[in-house]
Amino acid sequence: MSELRLPAPAPRHLLSIRDLDRSDVERVLDTARSLGATLDREVKKLPTLRGKTVVNLFYESSTRTLSSFELAAKRLSADTMSVRSAGSSVDKGESLKDTALTLAAYDPDVMVVRHPSIGAPALVAQYTGAHVVNAGDGKHQHPTQALLDLYTLRESLGRLEGRTVAIVGDVLHSRVARSLVQALGIVGAHALLVAPPTLLPRGIEALGCEVSTDIGAIGDADAIYVLRMQAERMGPGEAFVPSLREYRALYAVTPERVLSGQVVMHPGPMNRGVEIDPRVADSAAALVTDQVRAGLVVRMAVLYDLVVQRPVRDSGQGEGARENREVPSALTGAPEVA
Amino acid sequence: MSELRLPAPAPRHLLSIRDLDRSDVERVLDTARSLGATLDREVKKLPTLRGKTVVNLFYESSTRTLSSFELAAKRLSADTMSVRSAGSSVDKGESLKDTALTLAAYDPDVMVVRHPSIGAPALVAQYTGAHVVNAGDGKHQHPTQALLDLYTLRESLGRLEGRTVAIVGDVLHSRVARSLVQALGIVGAHALLVAPPTLLPRGIEALGCEVSTDIGAIGDADAIYVLRMQAERMGPGEAFVPSLREYRALYAVTPERVLSGQVVMHPGPMNRGVEIDPRVADSAAALVTDQVRAGLVVRMAVLYDLVVQRPVRDSGQGEGARENREVPSALTGAPEVA
Amino acid sequence: MSELRLPAPAPRHLLSIRDLDRSDVERVLDTARSLGATLDREVKKLPTLRGKTVVNLFYESSTRTLSSFELAAKRLSADTMSVRSAGSSVDKGESLKDTALTLAAYDPDVMVVRHPSIGAPALVAQYTGAHVVNAGDGKHQHPTQALLDLYTLRESLGRLEGRTVAIVGDVLHSRVARSLVQALGIVGAHALLVAPPTLLPRGIEALGCEVSTDIGAIGDADAIYVLRMQAERMGPGEAFVPSLREYRALYAVTPERVLSGQVVMHPGPMNRGVEIDPRVADSAAALVTDQVRAGLVVRMAVLYDLVVQRPVRDSGQGEGARENREVPSALTGAPEVA
């Protein structure tokens with residue numbers, strides 16, 4: 001009799017996309033798709049997390065990400081509490097540790113943390129019994145962004161394995177790029193980074209991607225992922241790029257550079273006319289609003305996965321898989337009606 | 001057999017008070033009254049918009065209006081998401097179009113938009129499948145303010161037709177004045193604008209109102225509507241008014257200038273001692289808190305009207321009217337109890 | 001037949017800890033304990049205040065206190081509306097009276113008010129039919145903080161009567177200290193203030209406490225309550241304390257100064273290394289996170305007590321007490337399930 005290989009328990013936190021293996025990613029994306037189906041209903045609210053509390057602790061302003069997490073929690077009937085650095089105890093010099101301990105005392109089910117310092121969400125995870133979700137830490141990780149990008153790609157391209165995604169622009173300052181490269185690796189897709197030499201971190205190939213400084217290289221990709229270029233990166237002074245005009249000429253994603261059949265993505269907010277040509281942004285190839293919509297269902301799925309999904313510990317052959325298959329159908333059950 | 005004249009379908013958006021005809025206005029005010037009756041109950045919440053999402057997109061700070069919309073949505077059991085310019089992607093230079101597209105991707109049922117630029121809510125309406133409500137755009141329109149003012153007037157005066165409202169003060173910078181003048185015209189009431197010449201826009205009579213620079217003219221009105229005077233309008237520099245003292249002497253609404261039987265309104269926040277004398281503000285003639293309360297029920301009614309009220313398309317004689325009459329009684333049905 | 005002594009009606013507001021007598025305090029703490037038990041459930045939400053509205057009016061930023069009130073209201077299923085001075089009509093110069101009247105027009109059930117001026121919540125109480133809770137006014141009162149401190153002490157020490165609490169640090173600027181001294185008096189416990197002479201208000205003994213400038217005096221206490229030292233109080237300039245180094249040497253609560261069996265409290269946010277040694281803050285003696293957790297259940301209890309608890313007006317012997325005893329058991333009934 002061959003050895004039974006049990007699935008590893010699902011991780012308690014989502015601190016890095018590397019916390020997930022391929023089956024974790026697929027389970028979350030499948031859950032997101034099931035949740036997406038419930039959003040077409042008249043009543044979009046599900047009772048799944050009723051009586052649960054989600055705390056959002058944001059040390060960087062990001063309406064886009066915060067709104068997405070808040071709405072995801074509300075759609076699942078959770079209560080939310082959002083603490084931003086402006087106007088919070090943070091301003092009184094309280095340490096992250098004490099803020100974490102304070103919020104943990106409310107006994108939340110999930111804490112979503114965004115912070116300019118690498119590792120801040122992991123630190124919070126040490127001081128709370130809640131599930132912690134990293135919503136962006138410094139240049140490090142943004143795992144729910146990577147998941148929503150995978151979701152968008154899968155919905156658009158049909159499958160992820162063997163696909164190539166060209167990631168174009170300011171890779172150096174981008175946690176989005178870092179998380180996405182790793183996420184593509186997990187699902188068997190390829191990442192190709194395209195950027196000026198000054199915006200490519202040294203040794204980035206170690207993450208398992210190819211690198212090019214020639215925008216023409218994007219022609220080989222199924223999807224072109226355009227990174228946001230921050231104004232302050234462009235000259236004069238300590239600039240990484242000589243000028244806006246030069247960056248545009250060499251690296252902007254323009255209609256001429258996008259082949260028929262390629263899709264274009266951007267994490268937003270876009271600088272139209274800088275890293276992306278408005279004609280591309282408004283074309284049928286652009287999946288930008290699909291990404292926003294994916295952000296909602298993927299974050300719902302992550303909350304659901306952490307709070308409700310039980311790690312499968314001593315199932316027999318295939319039972320874990322069957323249970324996972326059943327979860328989405330449970331999700332599509334009767335919505336909450338008063 | 002005479003031609004059947006079918007009611008026009010109710011508009012999908014509330015961008016300008018001019019989107020409404022008299023029957024639309026009356027339907028909204030009747031709905032507001034029915035909703036008002038439910039607020040006297042022990043449990044004030046109605047399940048009407050459960051599972052619906054209302055997004056508030058505010059590019060101007062206005063606690064008063066934002067709170068009113070948020071509370072209106074919550075009382076109807078809708079989920080709310082409020083995005084303000086401070087701390088939002090707006091600060092990263094994202095265009096209104098892209099912000100609209102992003103928020104529209106969440107598939108909200110209603111988007112409430114306040115913006116310093118004229119036409120911004122109409123622009124948002126182009127990029128979303130949601131119903132859009134203008135909560136103030138530049139000097140242009142503030143239709144829910146006009147509706148709550150009509151509601152307050154009707155509750156106080158019994159009927160609107162044939163009544164005269166004197167609107168006093170900074171007409172030039174006031175979207176409140178512009179919307180109210182048009183609203184009064186829709187219901188067959190008269191508007192009289194009273195202001196210094198520098199605060200009267202040229203050609204304002206074209207809206208269908210009378211104009212006077214003499215405060216004594218308010219004696220003819222059933223209601224005196226006092227506009228807020230912004231400090232920055234008063235000298236020195238590019239002032240529209242030589243001094244606070246002079247403005248007060250000539251145009252402040254004082255007890256001496258209010259006749260017995262007249263009511264006094266103000267959109268708030270009041271500058272006590274500038275455009276309105278504190279003795280007037282605190283008198284029984286003042287309807288200022290009635291206006292705030294009206295704001296809540298009228299905004300509930302507007303949300304209800306847009307989301308739930310079906311445009312009557314092929315009804316026979318009178319059926320549309322009957323259906324409308326029935327709606328409020330449906331609203332007064334059993335409140336939500338857990 | 002002896003005269004029947006009826007219990008006084010419970011106060012309509014919580015403006016000062018002195019609004020409460022001993023039986024009021026005990027009722028609130030007992031309710032808080034019952035509510036605390038419900039928080040261990042899978043579904044933490046109670047339907048108690050469904051359809052009620054709690055308005056939070058905060059003129060001082062305090063994420064800690066505001067979050068606690070918001071979450072308390074949500075756990076009881078109330079709707080919340082939070083108005084902060086930044087971005088509110090307050091910025092347009094509206095008076096507190098008019099803001100109170102405006103918010104009162106929404107007919108909230110409770111208004112929670114925090115303001116830098118002494119007496120502001122009492123002023124608000126004049127203009128609203130809502131129950132008003134003082135969430136901190138100037139250097140005056142912070143009654144829910146005092147109640148949560150009593151709750152934490154009672155849970156830790158078993159009983160309050162006869163206990164001694166040493167309150168250490170900046171008594172002069174602390175409404176927390178003032179409220180706590182009075183609260184301890186109400187329940188028959190002793191307060192001992194320990195601070196440099198410059199941080200002890202003259203005549204503070206009149207509140208019914210002992211005073212010492214010697215840190216050694218804390219050895220007599222059952223609990224050591226460490227106050228927050230604000231950086232701006234420490235030299236140079238108009239300093240109350242010559243230097244941080246000197247303050248630490250003379251008054252910091254260090255492991256050497258805490259006896260076995262003593263507990264240590266702090267209202268937060270802590271300045272680790274200033275008024276409290278990190279080794280004390282992280283020790284088993286520290287009840288800081290217990291205080292945060294207590295803040296939630298005590299605020300739930302205060303909201304419950306004001307809104308639901310009926311003042312007992314014409315009960316016979318003991319009936320009031322019995323009714324009070326029954327309330328908590330009602331609270332522990334079936335939680336809300338959709």
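Contact here means heavy atoms within 4.5 Å. By that criterion, the interface of chain C and chain B in this predicted model takes 25 residues from chain C and 27 residues from chain B. The size of an interface is often given as the accessible area lost when the parts come together. Between chain C and chain B, about 2500 Å² is buried. Carbon and sulfur atoms give 47% of that area.

Polar and charged interactions cross this interface. Ten residue pairs are in polar contact between chain C and chain B, counting pairs with both residues at pLDDT 80 or more. Four salt bridges are found across the interface of chain C and chain B. One of them joins Asp79(C) to Lys45(B). The closest N and O atoms of Asp79(C) and Lys45(B) are 2.7 Å apart.

On the side of chain C that touches chain B, two elements each supply at least two residues. These are strand 2 (79–84) and helix 3 (96–104) of chain C. By class, this side of chain C has eleven charged residues, eight polar residues and six nonpolar residues.

The arrangement of copies was examined next. Two copies of a chain are related by a rotation about an axis and a shift along it. For chain A and chain C, the superposing rotation is 120°. The shift along its axis is 0.0 Å, and the RMSD is 0.0 Å. The two copies are therefore related as by a three-fold rotation axis. The copies use different surfaces. Of the contact residues of chain A, 8% recur in chain C.

Conventions. Residues are numbered from 1 along each chain as its sequence is written. Chains are lettered from A and ligands numbered from 1 in the order in which they are written. This is a predicted model: local features need pLDDT of at least 70, side-chain atom pairs count only at pLDDT 80 or more; totals for chains, interfaces and linings use all residues. Side-chain values use heavy atoms; hydrogens and water are left out. Copies are superposed by least squares on the C-alpha atoms of residues with pLDDT of at least 70 in both. Buried area is the accessible area (1.4 Å probe) that two parts lose on being put together, summed over both. A salt bridge is a side-chain nitrogen of Lys or Arg within 4 Å of a carboxyl oxygen of Asp or Glu. A polar contact is a pair of N or O atoms within 3.5 Å; within protein, one must be able to donate a hydrogen and the other to accept it, and residues adjacent in sequence count only if both atoms are side-chain atoms. Helices (H or I, at least four residues) and strands (E, at least two) are DSSP runs, numbered from the N terminus. Ala, Val, Leu, Ile, Met, Phe, Trp, Tyr, Cys and Pro count as nonpolar, Asp, Glu, Lys and Arg as charged, and the others, Gly among them, as polar.
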